[in-house]
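Take a walk through this model, one site at a time. Keep the sequence open beside it.

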Amino acid sequence: MEIPSRLAAIRDRMEGACRRAGRAPSDVTLVAVTKTRTVEEVASAVEAGVTDLGENRVQEAEAKYPSLASLEARDGSPPRWHLVGHLQKNKVKKAVALFDRIHSLDSVELGHKIDRAAEEIGKVQPVLVQVDLASEATKFGLPEADLLGTLETLTGLRRLRVDGLMALPPFVPDPEAVRPYFRRLRELGAEAFGRGLAGRELSMGMSHDFEVAIEEGATFIRVGTALFGPRLPESAKSTGPGPPSQGFGGSAEARRAEAE
Ligand SMILES: *Cc1c(COP(=O)(O)O)cnc(C)c1O
């Protein structure tokens, strides 16, 4: 299948999920996750109507950006760039220069660094705070218990705009099994919003579970393989062609990549 028809299928599924949840389709933004994809693939997604692009590594975005800087979305504006993967402290300056939104703020220290980098270039940086809902030691994200305290500290940083929360729940093949995590993020988001500590955005849901995420309130879904097809696993690149990762494998792979 080509990217335009895959995009149409995703939009159909998004609309169906919105209808079931009584939500307006315009409340949900599709972030096309372009890691490992070529410049041509990314350009073709934007031509087909994608407005938001997600990368999970600063370096990869930096390498691709020059060839994509002149792209225009259908409305004539440039696509928005989202950092969806873990942000290392030594990449903060580059990330702030490149990305319209950072989905992976997960510590006060990182918040201070982003704030300083944004100050230097006269920018206010929209961010989402990543929450570690499953409390897995290998994972990035703030432990739930630290969330409100951290958000309170972050409100003092004038160059940060905390628009909401993000989560990357544990990978389980059955999307229904992830629903409780999405629901939990929504509850945490509502609590943070109620206390005036964050905006109402929720970044949750990937290729295999975005419909459930939308039903539970996602405002950004991060979709890679459903739009671009399977990614070749890293091992296949060095040892020659191997089995492509399954559509399902995306989440597991994102989590491995995140743990690097
Ligand atoms: C790769 C990635 C995605 C997209 O995963 P798919 O399963 O390909 O849709 C979403 N979020 C993050 C953080 C990722 O790294």
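Gln125 is buried, at 0% relative accessibility. Buried means under 20% relative accessible area, exposed means over 50%, and partly exposed lies in between, with a 1.4 Å probe and protein chains only. Gln125 sits in strand β5, residues 125-132. Helices (H or I, at least four residues) and strands (E, at least two) are DSSP runs, numbered from the N terminus.

The model is predicted: local features need pLDDT of at least 70, side-chain atom pairs count only at pLDDT 80 or more, and totals for chains, interfaces and linings use all residues. Residues are numbered from 1 along each chain as its sequence is written, and side-chain values use heavy atoms, leaving out hydrogens and water.

What does the side chain of Gln125 reach? It reaches the backbone oxygen of Phe99, at 3.3 Å. Leaving aside neighbours within four places in sequence, Gln125 is in contact (heavy atoms within 4.5 Å) with residues including Val96, Phe99, Asp100, Ile114 and Ala118. Arg159, Leu160 and Arg161 are also among its contacts.

Now move to helix α2, residues 39-48. Its buried residues are Val42, Ala43, Ala45, Val46 and Ala48. They pack against α1 (3-21), β2 (52-55), α3 (58-68) and α9. Just after α2 comes Gly49, with a positive phi of about 125°.

Helix α9 (225-228) leads on to the last stop. Arg231 lies in the loop between α9 and α10 (234-239). Arg231 is buried, with a relative accessible area of 3%. Lys35 is 196 residues away from Arg231 along the chain, yet their C-alpha atoms are separated by 8.9 Å.

Key
A polar contact is a pair of N or O atoms within 3.5 Å; within protein, one must be able to donate a hydrogen and the other to accept it, and residues adjacent in sequence count only if both atoms are side-chain atoms.
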